[in-house]
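I opened this notebook to record what I looked up in one structure. The entries follow the order in which I took up each topic.

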Amino acid sequence: WVAPLTPASLQHELDLQRTFAEWGTVIGCKMKVDSSRSAAGYGFVYFKEIEAARDLLKHIEAGGEAPVFLGKHMQVRSAFFKNDESRTENSPSIQRSTPPNARSARTAAPPI
């Protein structure tokens with residue numbers, strides 16, 4: 001889970017990936033949008049290696065500097081998948097498609 005993401009962030013997905021690539025191989029990013037297709041303010045970064053996500057979280061928890069994206073320090077938290085039944089009609093939808101193997105492969109790290 002990463003924030004803040006603004007409507008301008010939607011046009012800079014590759015820059016978001018590059019921002020987090022310092023920590024490991026980024027296989028994709030998702031930015032949440034609301035019904036008007038505006039950024040909901042947060043998104044997800046998917047690393048290939050779970051160690052990359054863990055190292056980044058440990059770094060931030062230890063007081064290290066958070067990644068900077070579009071001039072702002074990012075808030076970074078651990079994320080988890082919710083069951084599809086938990087989605088409601090008013091829930092934000094996904095702007096980007098699911099990264100390759102992010103949900104199906106057991107080797108991909110969970111998102112942050």
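Predicted model: local features only at pLDDT ≥ 70, side-chain atom pairs only at ≥ 80, totals over all residues.

**Entry 1. The core**

Which residues of the largest nonpolar core touch the most other members? I found that this core has 18 residues, and that Phe20 and Phe47 are the two in question. I then looked up the elements that give two or more residues to this core, and they are helix 1, strand 2 (26–33), strand 3 (39–47) and helix 2. I set beside this a general remark, that nonpolar side chains tend to be buried together in soluble globular proteins.

With its neighbours within four places in sequence left aside, phenylalanine 20 is in contact with Val2, Val26, Val45, Phe47, Leu56, Pro67, Met74 and Val76.

**Entry 2. The protein as a whole**

I counted two helices and seven strands in the protein. Along the sequence they follow the pattern β-α-β-β-α-β-β-β-β. The protein has 112 residues, of which 35% count as buried. I also looked at contacts between residues at least 6 apart in sequence, and 65% of these join residues at least 24 apart.

**Entry 3. Helix 1**

I turned to helix 1, which spans residues 13–21, and found Glu13, Leu16, Thr19 and Phe20 buried there. Why do they line one face of the helix? Seen down the axis of helix 1, the buried residues fall within an arc of 115°, so they share that face. The face turned away from the buried side carries Leu14 and Arg18, which are exposed.

I then searched for salt bridges, and the count came to one. It joins arginine 18 to aspartate 15, with the closest N and O atoms 2.7 Å apart. Both residues lie in helix 1, three residues apart, which is about one turn of the helix. In general, an α-helix has 3.6 residues a turn, so residues three or four places apart point the same way. I checked the accessibility of both partners. Arginine 18 counts as exposed because its relative accessibility is 55%, and the cut-off for that class is over 50%. Aspartate 15, at 31%, counts as partly exposed.

Helix 2 covers residues 50–61, 12 residues in total. From its first C-alpha to its last I read 17 Å, close to the 16 Å expected at 1.5 Å a residue. Within helix 2, Ala52, Ala53, Leu56 and Leu57 are buried. They lie on the same side of helix 2, because they cover an arc of only 130° around the axis. On the other side of helix 2 I noted Lys58 and Glu61 as exposed.

After helix 2 comes glycine 63, with a positive phi near 95°. I looked next at glutamate 65, which is placed in the loop between helix 2 and strand 4 (68–69). Is glutamate 65 buried or exposed? Its relative accessibility is 55%, and therefore it counts as exposed. Leaving aside neighbours within four places in sequence, glutamate 65 is in contact with His59 and His73. The side chains of glutamate 65 and histidine 73 are joined by a polar contact of 3.1 Å.

**Entry 4. Backbone details**

The peptide bond that joins alanine 3 and proline 4 is cis, with omega about -5°. Proline 4 lies in the loop between strand 1 (2–3) and helix 1.

Leucine 70 is a residue other than glycine with a positive phi, near 50°. I found leucine 70 in the loop between strand 4 and strand 5 (72–73). Leucine 70 counts as partly exposed, at 43% relative accessibility.

**Entry 5. Alanine 40**

My last entry concerns alanine 40, which is found in strand 3. Alanine 40 counts as partly exposed, with 35% relative accessibility. Alanine 40 and alanine 3 are 37 residues apart along the chain, and their C-alpha atoms are separated by 9.5 Å.

Notes:
Residues numbered from 1 in each chain as written. Heavy atoms only, no water. Helix = DSSP H or I, 4+ residues; strand = E, 2+ residues; numbered from the N terminus. Expected span 1.5 Å × (residues − 1). Buried < 20%, exposed > 50% of the residue type's maximum accessible area, 1.4 Å probe, protein only. Arc of directions from axis to C-beta. Contact = heavy atoms within 4.5 Å. Polar contact = N/O pair within 3.5 Å; in protein donor to acceptor, adjacent residues only side chain to side chain. Core = buried A, V, L, I, M, F, W, Y, C linked by side-chain atoms within 4.5 Å. Salt bridge = Lys/Arg side-chain N within 4 Å of Asp/Glu carboxyl O.
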